[in-house]
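Thank you all for coming; I would like to walk through one model this morning. Please keep the sequence and the coordinates open while I talk.

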Amino acid sequence: MGRKLCHSYQEDDNYQVMQPKELELSQKINSQMMENASLEYTNPISWHQEMKEVVNDETMVSVFTYANILEQQKGMLLPQSTLEELQLYSSEIEWHCSVGEAVKLFKAHSVLPGIIITQEHKFIGIISRRLFFEYMSRPHSWQLFSKLPINAIYQLTKKETLTLPINTPIVEAAKQCLQRSPELLYEPIVVENQEGKYKILDVHHLMTAQSEIHESLTTALVQAETKYRCIFENAIDGIFQSTPDGKYLNVNPALVRIYGYKSPEEMIHNITNIGQQVYVDMNRRAEFVSAIEKHGSVSQFESQVYRQDLSIIWISENARAVYDNDGNVLYYEGTVEDITERKHAEAALRYSETRLRKQALELSTTLHQLKQTQAQLIQTEKMSTLGQLLAGVAHEINNPVNSISNNLPHLTQYVEGLLELLTLYAASLSEDTAEITAKKSEIEFDYIREDLPQIISAMSAGSERIREIALSLRNFSRMDEGKKKFADIHQGIESSLLILQHRLKAKGDRPEIQIIKNYGALPPIKCALGQLSQVFINLLGNSIDALEQRIKENNPELPPPTIWISTELVNDKWIKIWIADNGQGIAEENLSQLFEPFYTTKPLGKGTGLGLSISRQIITEKHGGKIECHSEIGKGAEFLIELPTS
C-alpha cells in the first residue's frame, strides 16, 4: 500500500507497449522463473501440501481493510427486479498488494466469487476465484507469485469482464451473461452502482434469481390462466375471439346462450362467416373492422344479429385488436351484451315521450288558445258593454239633436220674416214713439238684428257637430261586428281620437297632449273597422299613459308631450300605420313579452295586460297583417302596423 502502483498497459490490435514499471515487473517475474527453473521437479502432492499450509497460515497479516463484503438479497424477486436486489460482493484489493493477501481474502470468504483490483482506489478489473486458484494450483506457481503483487497474476488471468449498471433488470443481465463465450460463462459479473462504485455478482446467484423469477412468472401465469378461464366460463356477458376474416376462434358459454346454440363447439363449427351469418346488416361487420382499424378498439358497438332460430336480437360489443410483433392483426377479442330488452324499453320510452310531447304541445296550444279566448271574451264583453252604452248615448243624443237640427231652418225663416216685418214697420212710421225708442235701447235692438243670424248659424253648426259625434259613437258601438267591408282607415283613427279626446286635453298644470297627423292617400281597404278602431284605442291609450307618466317627472327641459300618427300606401297590396310617442319608452327585456296575454309593464291596477295581446290577434289573425314595436328607454315608443288592402 505504501509504494506507488504501476500503470496498466494499453492494448492495441497488433502489439503491446510496456510501460517502465510494467517492464520492471515482467523482468522480476522472468527472474523468479529462471530461479525456479534450477529447482528440482516438485511433486504435485508435495506442492498441494505446501499450498494448504500457506493458505492455513494464520500469521499472514492483511494490509487491506475490507468490510461489508457480502450484500444480502433483498426480499422476493419480481419480473422487474434489478441487480440491486441480489447478493453483491464488495471485496477490493490494491494492485500492488501481495498474492498472499488475495489468498487470505479468499480463505476468509469461501463463497467469494472474485476480487476487485483497484489502483489508488480506482477500478482496474477483477480476478475470479476460479482463475486465481487455477493458476495458483499449477506447479511452482506459489514459489513464483507468492511474493509478487496481485497485479502480476491479474495480468496473466485477465479476461473480458461483463460490467452492468446496478439498475439492470435481472432477466436482462442473465440474458447477457449467457451470451458470453463458453470460457467466460461462469466468470463473475461486475456491477456498477449510481455512485460509480463497483461490486461483484456471482453468476450462480444470478441464474438462481433468474430461475426464481421464471418460476414465479410460471406460477402467476398458471394462476392467471385459471382465473381467466373461470371468468371466461362464468361471465354473464359473452366473450369471443374472432379472426379478421370472420371466424370465431373461441367463445364462452354466455355468448353461446345469447346466440341460442347448445355448445361453443357447435357455434364455432356452424358460424363460418360472421358478417353474413350473424349481423342483420351485412355491412355491419365491415363497419366493426373499420372502427377497430381507425381507433384500435370499439365501445358500445350496437347491432342487430340473428340467433340460431333466426330470431333477431340487439347486442352491444366492446372489442379490440390483438397484434403480433410486426403489427399484423392476429385476432379480435371482446365482449357481447344482449341489449334487446333495453332497446325495447328505449323504443317504448321514445314512443311514450313522443306521445307525451305531442299531448304537451296540444295542451300548450289549447292553453294558449284558452288564454287568448279568455282575453278576447273579457275584452269583447268590455267593448260590448261600452258599445251598448255608447249606442244608447248616441241614440239619446240623436233624437234631440235631430229635433233641433230639423227646426233650425224654420226658426231661421221665422226670424228673417220677423226682421223684415220690423223693417217695414220702421219704414211706415215717420218717427218712433218714446216707448219704442226706450225698448229698442233696452234690448239693444240694432245689435240683436245683427247678431241673431250669427247665433242661428252657430246653432246650426253646433247641431251638425253633435250629429257627427253621435254618428262616431254609433260607429264605434258597432266595433264588435266581425264582418269585413271596405272602409276608410282614417275614419277609424278619428273615431278613436274622439273617444279619447277628454284624455288629450290639458288638466290643471298638465299640458295638452298634441296630436300630429301625417295621413297619406289611402284607398278604402277591406277590414273590420270596428275591431281596428279597438286596436287604435289600445295603442293611443298606451301612448297617453306613457306620456302622463313622463309628465309626472316635472322636467321643464323635456319636449311637449306629443303623439304622431302617420299612414302610407306601400303598394297596391299593403298599407302602413305608425303610432309613436315621446314617452318614457320600453325596456329591451320587456319587448319580447309585450304582446303576451296578461303581461303588462304598468303599475298594479293600471292595466290588465290584454290590450296589446288582443291588438296583435286582431291585426295578425283577423286581418293577416303585422304589428311590431320599436322602443328605447328615454326615447319613446313606436308601433308599426302593416295591413293588406284586401
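Predicted model: local features only at pLDDT ≥ 70, side-chain atom pairs only at ≥ 80, totals over all residues.

Residues are numbered from 1 along each chain as its sequence is written, and side-chain values use heavy atoms, with hydrogens and water left out.

The chain holds 20 helices and 22 strands, where helices (H or I, at least four residues) and strands (E, at least two) are DSSP runs numbered from the N terminus. Of its 646 residues, 37% count as buried; buried here means under 20% relative accessible area, exposed means over 50%, and partly exposed lies in between, with a 1.4 Å probe and protein chains only. The chain exposes about 38600 Å², of which carbon and sulfur atoms supply 53%, and these areas come from the Shrake-Rupley method with a 1.4 Å probe, where for residues only the protein chains shown count as cover. If we take contacts (heavy atoms within 4.5 Å) between residues at least 6 apart in sequence, 62% of them join residues at least 24 apart.

Now to the sheet. Five strands form an open sheet with mixed pairing, in the order β17-β19-β20-β22-β21, and two strands count as paired if DSSP finds at least two bridges between them. The edge strands, each pairing on one side only, are β17 (514–518) and β21 (626–631). Neighbouring strands of this sheet are turned by 15 degrees against each other on average, direction ignored; axes are lines fitted to C-alpha atoms, for helices over the stretch in contact, and angles run from 0 to 180 degrees between N-to-C directions. Within the sheet, β19 (residues 562–569) and β20 (residues 574–581) run antiparallel and are joined by seven bridges, with tryptophan 564 standing opposite alanine 580 in β20.

Helix α16 (residues 489–499) packs on this sheet, touching β17, β19, β20 and β22 (637–644), and its direction makes about 165 degrees with that of β19. Helix α20 (residues 611–622) lies across β21 and β22, running at about 25 degrees to β22. Is serine 615, in that helix, buried or exposed? Serine 615 belongs to α20 and is buried, with a relative accessible area of 0%; leaving aside neighbours within four places in sequence, serine 615 is in contact with Val535 and Asn538.

Elsewhere, β9 (residues 189–192) and β10 (residues 198–201) run antiparallel, joined by four bridges, and form a hairpin with five residues between them, where glycine 196 in the turn has a positive phi of about 85 degrees.

Histidine 121 has a positive phi near 65 degrees; histidine 121 lies in the loop between β6 (114–119) and β7 (122–128) and counts as exposed, at 60% relative accessibility. Leucine 310 has a positive phi near 70 degrees, sits in the loop between β13 (297–306) and β14 (312–323), and at 65% relative accessibility counts as exposed.

Last, the surface: leucine 424, in helix α13 (residues 340–428), is exposed, with a relative accessible area of 60%. Together Leu418, Leu421, Leu424 and Tyr425 make a nonpolar surface patch of about 440 Å². Patches are made of residues with over 30% relative accessible area and no salt bridge, like charges being joined within 9 Å and nonpolar side chains (Val, Leu, Ile, Met, Phe, Trp, Tyr) within 5 Å, a salt bridge being a side-chain nitrogen of Lys or Arg within 4 Å of a carboxyl oxygen of Asp or Glu.
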